[in-house]
Amino acid sequence: MSESKAAKGLPTSIDETLDLLGKADYVADRSLATVLYLALRMGRPLFLEGEAGVGKTEIGKVLAATLGRRLIRLQCYEGLDVAAAVYEWNYAAQMIAIRLAEAEGAVDRDRVAQDIFSDRFLIRRPLLQALEPDAAGPPVLLIDEIDRTDEAFEAFLLEVLADFQVTIPELGTVKAAHPPIVVVTSNRTREVHDALKRRCLYHWVGYPSAERELRIVRAKVPGIDKALSQEIVHFVQTLRKEDLFKSPGVAETLDWASALSELDVVALDPATVSDTLGVLLKYQDDIARIEGGKAKQLIDEVHAELRAAE
Ligand SMILES: Nc1ncnc2c1ncn2[C@@H]1O[C@H](COP(=O)(O)OP(=O)(O)OP(=O)(O)O)[C@@H](O)[C@H]1O
Ligand SMILES: [Mg+2]
């Protein structure tokens with residue numbers, strides 16, 4: 001594959017990066033588009049950290065879709081190991097092959113060993129798949145929620161990301177001719193090691209501004225009433241200023257917008273808000289705090305703010 005093929009379809013400016021994301025209804029701010037553009041240009045992994053439900057995972061998906069590349073997702077969890085992340089030998093198939101060889105009276109042990117540690121008994125997991133060539137161009141490797149893995153795996157990942165290669169003792173080293181596009185996300189349940197961050201370009205994904213959140217809602221919930229979408233976004237933005245155990249993310253705003261639109265709501269009122277709070281807030285203590293009087297106060301604030309802006 002030529003260098004130009006590896007760079008096929010990649011944006012050539014920050015504006016083009018914004019447009020690319022926009023094609024898949026991802027409304028990014030300029031700072032995210034800038035760091036993404038640089039990561040693509042420089043061939044460096046992009047490390048996205050931020051609150052829950054603010055569009056970190058979506059970046060990986062949208063990139064693969066708009067660039068026409070394969071999406072390979074490594075979902076991280078505690079205890080994730082090489083067998084689940086890189087490769088594993090198909091023991092069951094190997095056992096059968098050994099039995100068959102025995103039944104056929106095979107005597108050459110080295111030959112049998114060589115056979116069972118060959119390509120066809122290898123199960124490729126996401127990291128290995130991401131190193132292999134793809135006709136559409138290097139794939140997008142989404143390493144999601146890295147903060148859930150343990151530090152030993154993180155150190156291993158660092159090695160893979162440094163050289164884009166893995167060594168399989170029985171087979172040899174697999175090295176990517178063209179490195180994949182890597183997006184790493186973290187919810188910051190723990191700090192990820194500096195060494196890993198150093199390899200990446202870093203961006204904190206915060207809650208969007210009201211203006212951007214409104215564009216997201218209108219893009220993702222087509223047909224939503226203009227005035228209602230404004231009330232929804234301003235309400236959520238006001239809610240995020242409250243001292244809550246878990247503030248609503250963009251995902252919750254979108255769910256709430258769909259729910260209210262489904263219920264044919266035309267304007268926010270305290271009863272509707274209280275009845276549908278479970279779409280926005282997922283902790284009983286938070287719901288109890290906002291329900292009733294507080295909901296009314298927030299709606300009044302939103303209405304005053306919107307009137308002032310007219
Ligand atoms: N800027 C945006 N433009 C369009 N849609 C967005 C944007 N940000 C978030 N969304 C939408 O919000 C939802 C949640 O996004 P996503 O799953 O990427 O969040 P996340 O940051 O990975 O959350 P978590 O930490 O919970 O995994 C998705 O449906 C996504 O489409
Ligand atoms: Mg996510």
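Reader: At what angle do the axes of helix 12 and helix 16 cross?

Author: Axes here are lines fitted to C-alpha atoms, for helices over the stretch in contact, with angles running from 0 to 180 degrees between N-to-C directions. Helices (H or I, at least four residues) and strands (E, at least two) are DSSP runs, numbered from the N terminus. In this predicted model, local features need pLDDT of at least 70, side-chain atom pairs count only at pLDDT 80 or more, and totals for chains, interfaces and linings use all residues. Residues are numbered from 1 along each chain as its sequence is written. As for your pair, helix 12 (residues 226-239) and helix 16 (residues 293-309) have axes that cross at roughly 120 degrees and come within 9 Å. That makes helix 12 oblique to helix 16 (under 35 degrees is roughly parallel, over 145 roughly antiparallel, 65 to 115 roughly perpendicular, the rest oblique).

Reader: Which residues of helix 12 and helix 16 make the contact?

Author: Contact means heavy atoms within 4.5 Å. Helix 12 brings Q230, E231, H234, F235, T238 and L239, while helix 16 supplies A295, L298, I299, E301, V302, H303, E305 and L306.

Reader: Is D144 buried or exposed?

Author: Buried means under 20% relative accessible area, exposed over 50%, partly exposed in between (1.4 Å probe, protein chains only). D144, with a relative accessible area of 0%, is buried. You'll find D144 in strand 5 (residues 140-144). Leaving out residues up to four places away in sequence, D144 touches T57, R73, L74, Q75, C76 and T185. Between D144 and C76 there are 5.9 Å in space, C-alpha to C-alpha, and 68 residues in sequence.

Definitions and conventions: Chains lettered and ligands numbered in written order. Heavy atoms only, no water.
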